[in-house]
Amino acid sequence: MTNDNCWLNDTNSFDLVGKGSFGDLDIADDFNTLYTLNLLDKTLLAIPIANPGAFVATPVPTPANCPAADIRPFGLGVKDGKVYVGMVCSAESTVNRANLRAYVYAFANGAFAATPALEIDLSTYRGSGNVRWQYWLNRTTFNPTNVDQAGGKWGQPSVADIAFDGDSMILSLRDRNADQFGTVAGGPDPADPANYTAFARGDILRACPNGSGGWQVENNGSCGGVTT
């Protein structure tokens, strides 16, 4: 099992952050089933608490606008008998941040819904400059001459958790960048003598029911008719 919460200072762990081990954990409303995500094979695990060996693994959906290789699930939430799975399109294979997306899919009665309950275009969500979300880095795309990458300002989104506030959905977006680099730690190339320090720039977003069975993310401090 890999540890996705620390920098292990070897080339394999750099690429495996957010891709190996398990994701979020949540429990069913009736407390009989534990849910988690196998990040390596991208499956939702439904584990009966009374008989863990009888778990069922269901592959997460692949949205039409994202290559299968770039689907990265992690976050979970449970409400009214449904399990909600959060994932991103990492844009890692295309190296094109225009492909960055966040999705939430509902899972019920052993199957995922055909379309996402929520989809967010992350390529434009945080404006311009080095606060923008970026495509996921790996050993081949990390460039020590890139000012933002080497300076630790390369936010890589992951839907880390899902919670509910009444009918509203609360999304936690984690920054994978800090998990890869940590503080004053080596980069992915063992031959590179430099040390790198990353900034973690996550988000907490609210989404409100859209009247059609899904959710719409907040906009300019307004969500579901409520404005702060």
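Mentor: We'll go through strands, cores, rings and charges.

Trainee: Ground rules first. What kind of model is this, and how are residues numbered?
Mentor: It is a predicted model, where local features need pLDDT of at least 70, side-chain atom pairs count only at pLDDT 80 or more, and totals for chains, interfaces and linings use all residues. Residues are numbered from 1 along each chain as its sequence is written, and side-chain values use heavy atoms, with hydrogens and water left out.

Trainee: Okay, strand β11. Mostly covered or mostly open?
Mentor: Mostly covered. Six of the eight residues in β11 (168-175) are buried. Buried means under 20% relative accessible area, exposed over 50%, partly exposed in between, with a 1.4 Å probe and protein chains only. Strands (E, at least two residues) and helices (H or I, at least four) are DSSP runs, numbered from the N terminus.

Trainee: Which strands does β11 pair with?
Mentor: β10 (157-165) pairs with β11 in the antiparallel sense, over eight bridges. β14 (203-209) also pairs with β11 in the antiparallel sense, over five bridges. Pairing here needs at least two DSSP bridges between the strands.

Trainee: Which residues face each other there?
Mentor: Ala163 stands opposite Ile170 of β11. Leu173 has Asp203 in β14 as its bridge partner.

Trainee: And what is Gly166 doing in the hairpin?
Mentor: The hairpin of β10 and β11 has two residues between the strands, and Gly166 takes a positive phi near 65°.

Trainee: Let's move to packing. How many residues are in the largest nonpolar core?
Mentor: 30, and those with the most contacts inside it are Leu118, Ile120, Leu122, Met169 and Leu171. The elements giving two or more residues to this core are β6 (82-89), β7 (101-108), β9 (118-121), β10, β11, β14 and β15 (215-217). A core is a set of buried Ala, Val, Leu, Ile, Met, Phe, Trp, Tyr and Cys residues, joined through side-chain atoms within 4.5 Å. In soluble globular proteins, nonpolar side chains tend to be buried together.

Trainee: What does Leu171 touch?
Mentor: Leaving out residues up to four places away in sequence, Leu171 touches several, including Val104, Leu118, Ile120, Val159 and Leu205. Contact means heavy atoms within 4.5 Å.

Trainee: What about the second core?
Mentor: That one is separate and has 21 residues, among them Leu76, Val78, Val85 and Tyr103.

Trainee: New topic, rings. How many aromatic pairs are there?
Mentor: A search of the whole structure finds eleven. Phe, Tyr and Trp rings (the six-membered one for Trp) pair if their centres lie within 6.5 Å; planes under 30 degrees apart count as stacked, over 60 as edge-to-face and the rest as tilted.

Trainee: Why is Phe142 with Tyr196 called edge-to-face?
Mentor: The planes are at 90°, with the centres 5.3 Å apart, so the pair is edge-to-face. Phe142 lies in the loop between β9 and α2 (147-150) and Tyr196 in β13 (195-196), so the pair ties together parts 54 residues apart in sequence. Both Phe142 and Tyr196 are buried.

Trainee: How is the Phe164 and Trp215 pair arranged?
Mentor: Tilted: 6.2 Å centre to centre, 55° between the planes. Phe164 is in β10 and Trp215 in β15, 51 residues apart. Phe164 counts as partly exposed at 22% relative accessibility, while Trp215 is buried at 11%.

Trainee: Last stop, charges. How many salt bridges?
Mentor: Eight in the whole structure. A salt bridge is a side-chain nitrogen of Lys or Arg within 4 Å of a carboxyl oxygen of Asp or Glu.

Trainee: What does Asp15 pair with?
Mentor: Arg139, with the closest N and O atoms 2.7 Å apart. Asp15 lies in α1 (11-16) and Arg139 in the loop between β9 and α2, so the pair ties together parts 124 residues apart in sequence. Asp15 is buried at 15% relative accessibility, and Arg139 is partly exposed at 38%.

Trainee: Which residues form a network?
Mentor: Arg101, Glu119 and Asp121 are linked in a network of salt bridges.
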